[in-house]
Amino acid sequence: MPTTKIIQLSTEHPDADKIQYAVEVLHAGGLVAFPTETVYGLGADALNAGAVQKVFEAKGRPSDNPLIVHIASLENVQQFTASVSEKGLQLARRFWPGPLTLVFQRKINVPDGVTAGLETVALRVPDHPVTLELLRQFNGGIVGPSANVSGKPSPTSAEHVYNDLNGKIDLIIDAGSTTIGVESTVLDVTVDPPVILRIGGLSREDIEKEIGEVRVTNAEELLRRSPGTRHRHYAPNASVILFPPADEEKFRQFIQQNKAQQKKVGSITYSKVLAGIEQSSFHVILESSIEHVARNLFRALRELDRQEVDVILVESVEEKGLGAAVMDRLRKAALHNG
Ligand code: TXA
Ligand code: MG
């Protein structure tokens, strides 16, 4: 079992020597957690099948869930795909580096472990100075699923990674908290119109402004194109119960019902009208901007787990822009209650 080292790097002025060390670990087939603008990723050399296998083992990830390959720039796509559709190219030019993952036809050299046997490969250029420098020095693709134990909320700080993966990975690059807080949007551009497989840090509205209409999948198509989505995701240990925005009555009622059953209740709310209701120590109030909610959502779920609550009552947000990604994560977190 590896001893997990942590190195601290400044986002603005990453120390090249420390990055060189991380590159050596990756070249030797090791596992390195790295920061991105969305969440922390668990990195390994994308063309080293053995290293990729270790990523699945460290996370306890089901083998039918493919991995995103992170690259330094658009020029690196041809290492992994031979066919970039016009819309794919247009989106990459407009939104990379950024929270958009594009699904292309794979090249044959990509290990099956990365693609989970699919004919496609997911690529993304992350918008983080430390990791862009890591990718440039590494000069190849780095797989990067979220660096959490499979099924748990994604990590938005190095501490979250450490809590989940200490002793299972070689290195954590700590560059502070991530800024967006939910994962990238995954868009399949092998078809026209392109299909959203996971809504995330880039909104559907922004994508459509650039290339026109995109589709959202139905359940059957989603399982075919992205089989890993069938698994448990984003779930804290506590049960998650959603209630409508600013619904004071529902909030009170859920608190009472759960307390009557001797449950320890935690909550995450945003609206001012709810702020005075539940003053227990398990109450996380996030400011009302959707960017702030997204940035702090996984941290709040992890924090309430640490306090060992049984139930987390979460106020829903309006489903537009980044709100669509927040609600997607919350619904999935609530799906596997009990
Ligand atoms: O923001 C993010 O995307 C973060 C950071 C670290 O970049 N990574 C991340 O990876 O969230 P992960 O593994 O937790 O989620 C990857 C998603 C999964 O839903 C997976 O099924 C999908 O991308 N995916 C990966 N390769 C795919 C492919 N070839 N076809 C369809 N879906 C794919
Ligand atoms: Mg994940």
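## Polar contacts of ligand 1

A polar contact is a pair of N or O atoms within 3.5 Å. In this predicted model, the side chain of Thr-120 meets that cut-off: one of its polar atoms lies 3.1 Å from a nitrogen atom of ligand 1. Gly-144 contributes through its backbone, with a polar atom 3.2 Å from a nitrogen atom of the ligand. Arg-198 faces an oxygen atom of ligand 1 instead. An N or O atom in the Arg-198 side chain is 2.9 Å from that oxygen.

Taken alone, ligand 1 exposes 680 Å². The protein buries 96% of that area.

## Strand β5 and its partners

Strand β6 (residues 120-124) also pairs with β5. The two run antiparallel and are joined by 4 bridges. Strand β9 (residues 185-188) is joined to β5 by 4 bridges as well, but this pair runs parallel.

Why is β5 (residues 100-105) described as largely enclosed by the rest of the structure? Because 5 of its 6 residues are buried, that is, under 20% relative accessible area.

Notes
Residues numbered from 1 in each chain as written. Chains lettered and ligands numbered in written order. Predicted model: local features only at pLDDT ≥ 70, side-chain atom pairs only at ≥ 80, totals over all residues. Heavy atoms only, no water. Buried < 20%, exposed > 50% of the residue type's maximum accessible area, 1.4 Å probe, protein only. Pairing = 2+ DSSP bridges. Polar contact = N/O pair within 3.5 Å; in protein donor to acceptor, adjacent residues only side chain to side chain. Areas by Shrake-Rupley, 256 points an atom, 1.4 Å probe, with all protein chains shown as cover.
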